[in-house]
Amino acid sequence: MRLSTAILSVLIFSLLNACSTAPTTHGEVKGASASSREMGQSDTNRMATLAMRGNLESLYLLMDKLYRRNPAEWKKSGATREEVVKRVREAVEKRQTWADLQGKHDIAAMSLALSPDFKADRVAAFIYATADMIITAHGGKIEFFLIDGLDAQYLYNAARNIEIAVWMLTNRRNTAGQPLLLSDEINATERNLSFEREFGKIIGRLDLLAEFVTEKYRRAGISYVQNLLGGSFLQFLPVR
């Protein structure tokens, strides 16, 4: 009995010691620096701008991860991986065309980049096409101001397009019978779902923004009624 108690005490001590040495720093929220440009943005504009920047950064991260798992892709261009990444970013940010996509944009570009017989750099084409589709869903803009409007249905459709693209990457095969691109991996010794998590962040941002845009007009009406009621019933009362 005493031996069992001693073993239990050792186990508890070991568990507490492990907890005390576990990492406790997980980062912190960092807001963007204040800018005079924000004076021309509503709350919706600002949220859309931040979500767009987050989605593009997620795509750039996915591009880097895809190149690490599929190094043969960037080598097709004859440039270094860093040079190709820079070219894709510039093409996306400056709304330029991507030569390998034959002048196609939006979902037509995504379809070509994910076709089994596509021979060029599939990673660059896929990331560019996906970014172009998302930007198109936002009215062709990356930053938003008071004169800009967003269509909630287009944002919702963009999120569904990402889901379809992820399914294609997982299930489609090229002409050689291999996956279009190596991404997540689950086997007896490894479980890597980092690609799925990053795609999930993009989908989540798009869905939240779509719902927020839908709510905007309804909330404007509610706020108007609240202001009317507040003018009559929510006034301070005299105390002397």
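Against which helices do the buried residues of H4 pack? I am working with a predicted model, and in it I find that the buried residues of H4 pack against H2, against helix H3 (71-75) and against H6.

**Entry on H4.** I looked up the extent of H4 and noted that it runs over residues 81-93, with 13 residues and a reach of 18 Å from its first C-alpha to its last, close to the 18 Å expected at 1.5 Å a residue. I then listed its buried residues, which are Arg81, Val84, Val85, Val88, Ala91 and Val92. Because these cover an arc of only 130° around the axis, I place them on the same side of H4. On the face turned away from that buried side I found the exposed residues Glu82 and Lys86. After H4 comes Arg95, for which I noted a positive phi, near 60°.

**Entry on H2 and H6.** I next checked the axes of H2 (residues 43-69) and H6 (residues 122-137), which come within 10 Å and cross at roughly 170°. Since angles over 145 degrees count as roughly antiparallel, I record H2 as roughly antiparallel to H6. On the H2 side I listed Met52, Leu56, Leu59, Leu62, Met63, Leu66 and Tyr67 as making the contact, and on the H6 side Val123, Ala124, Phe126, Ile127, Thr130, Ala131, Ile134 and Ile135. Sorting the contact of H2 with H6 by class, I noted 14 nonpolar residues, one polar residue and no charged residues.

Definitions and conventions. Residues are numbered from 1 along each chain as its sequence is written. This is a predicted model: local features need pLDDT of at least 70, side-chain atom pairs count only at pLDDT 80 or more; totals for chains, interfaces and linings use all residues. Side-chain values use heavy atoms; hydrogens and water are left out. Axes are lines fitted to C-alpha atoms, for helices over the stretch in contact, and angles run from 0 to 180 degrees between N-to-C directions. Helices (H or I, at least four residues) and strands (E, at least two) are DSSP runs, numbered from the N terminus. Angles under 35 degrees count as roughly parallel, over 145 as roughly antiparallel, 65 to 115 as roughly perpendicular and the rest as oblique. Contact means heavy atoms within 4.5 Å. Ala, Val, Leu, Ile, Met, Phe, Trp, Tyr, Cys and Pro count as nonpolar, Asp, Glu, Lys and Arg as charged, and the others, Gly among them, as polar. The expected span of a helix is 1.5 Å times one less than its number of residues. Buried means under 20% relative accessible area, exposed over 50%, partly exposed in between (1.4 Å probe, protein chains only). The arc is that of the directions from the helix axis to the C-beta atoms.
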